[in-house]
Amino acid sequence: MDVDVVVIGGGGAGLAAAVSAAEQGASVVLFESERELGGSTQLSAGLFTAAGTSVQRALGIEDSAERFFQHYMDLNQWVLRPGLIHAFCENAGPTLEWLIGLGVEIPATVSGNAHQPGLARAGVEDVWRAHVPKDQGYGLVQVLARAGRAHGIEVVLGTRVESLLVEDGRVAGVVADGIEVHGASVVVTTGGFAQDPGLVDRYFPAARAAGDALFVVAAPGSRGDHLRFGAEVGASLTGHGWGLLMPTVYFQRLHHWQSGFPPASRIHIDRTGRRFMDEDAPYAVSSGIIDHHGGRGWMIFDEKARVNLASGYTDWIPERVAAEVAAGRTACAATWEELAGTLGVPAPALRASIERWNAQLPTGVDDDFRRHVSLAAKGGATRLDPIAEAPFYAAEILPAELVCTHTGLEIDAHAAVLDTTGQPVPGLFAAGEAGGGVLGQRYVGGGNAVANALTMGRVAGRSAARAHRNT
């Protein structure tokens, strides 16, 4: 089989790369190791962070790629390569418009959460940039898959690529099921390595601090194939030690779509017994806050909050909390002093924290951590019930939900893979989690990974098609 462009991986990045290459007139074959397309993008809420978009303009929001770039670099303390990040920020908006043109629906309305189509608060940005599509990540994948069919892209499912073909110093295809498939360019979009414990230990060891509480929500195909391909051609890696761990209580084992949601009336305290964060802080910063306070804390709520948990979920339901108490894993006490003793924190500090919380959050203000701003951004109630009805509960909270990994093949602004000297590996491109350098030490906010996958996937596909024409 001879084609112009070979794409390895059929998640969001791979689909964007394949469709973009085909739009440039290239013949494309896409290999996906699993039995269906979509990867982690299909499992996500589909949020896409971008600046200067038609959706923002329709809501009267002034934004630009330059403003996005400044925020992105500042949050990551300028340790990322400015040229690559500028290219990402500059291309994110046009990629969103491209998706809308293909049929993705993002209404020009304010969204209060990651599941309501519209424009939402992504993280700690000064303007809202999280674009929530109709039908979430599944909708993004379906639109891209439909575009792929329209362009005649050949999709091979259930086939894990074994190795790259290298001829005369250039990547010239792949080997799959023992068959050589020649292509002028190859795009690696195989996702991350969250499903391989050994690779997590090696490249994202911080995740292991969660111990038995660690759980993974990445796609099953996230097995680190990009690292194997990179080793074959001497590619440089970047992003060691970086990834996205979201805070959860120790007993949560699934994404919140299935696990459910903790009670709104809750307070997070650290080992000093004091409240230490906005309980609804965006996950762009929440894990970092917890790390700064010892890596763990306690989520405290009362009996009224427990019995009013919504049914239909797996973890955040009244019965599950009661079972954890019975097993001795969640603390339960009739008084604040008794709860403090169980947790081993100073009782005066705990009581003072609870009293301060009860004096403010039920009135709709939070002078200490400004949680009322986070609550308003979610479009829900800004006046919460007091935490006052015994018994009181405390469950350990820590960064334990492994969403994505950031160690990838180093790429330039054109998504070309670089070798250890900083020069492009001829014929090889990468995007998404497989393409390192865009997702940094700080996850910029909801939609960072999806925007990276689709934006840099589109860049990679176009670059691969151009490389084909030049061979």
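**Helix H5 and its surroundings**

Helix H5 is followed by Gly103, whose phi is positive, near 130 degrees. The model is predicted: local features need pLDDT of at least 70, side-chain atom pairs count only at pLDDT 80 or more, and totals for chains, interfaces and linings use all residues. Residues are numbered from 1 along each chain as its sequence is written, and side-chain values use heavy atoms, with hydrogens and water left out. Helices (H or I, at least four residues) and strands (E, at least two) are DSSP runs, numbered from the N terminus.

The 21 residues of H5 should span 30 Å at 1.5 Å a residue, and the end C-alpha atoms are 30 Å apart, which agrees. The expected span is 1.5 Å times one less than the number of residues. H5 has a kink of about 35 degrees at Ala92, shortly before the proline Pro94. The bend at a residue is the angle between axes fitted to the seven residues ending there and the seven starting there. Ala92 is one of the buried residues of H5, which also include Phe88, Cys89, Trp98 and Leu99. Buried means under 20% relative accessible area, exposed over 50%, and partly exposed in between (1.4 Å probe, protein chains only).

H5 (residues 82-102) packs against helix H6 (residues 136-150) at an angle of about 70 degrees, with the axes 10 Å apart. H5 is therefore roughly perpendicular to H6 (65 to 115 degrees; under 35 is roughly parallel, over 145 roughly antiparallel, the rest oblique). Axes are lines fitted to C-alpha atoms, for helices over the stretch in contact, and angles run from 0 to 180 degrees between N-to-C directions. H5 contributes Trp98, Leu99 and Leu102 to the contact, and H6 contributes Leu140, Val143, Leu144, Arg146 and Ala147. Contact means heavy atoms within 4.5 Å.

Thr49 lies in strand S3 (residues 48-49). Thr49 is buried, with a relative accessible area of 4%. The C-alpha atoms of Thr49 and Ala92 are separated by 7.5 Å, although the two are 43 residues apart along the chain. Not counting residues up to four places away in sequence, Thr49 touches Ala92, along with others including Phe68, Arg129 and Asn448.

Gln423 sits in the loop between strand S18 (416-418) and strand S19 (424-430). Gln423 is partly exposed, with a relative accessible area of 47%. Leaving aside neighbours within four places in sequence, Gln423 is in contact with Val417 and Leu418.
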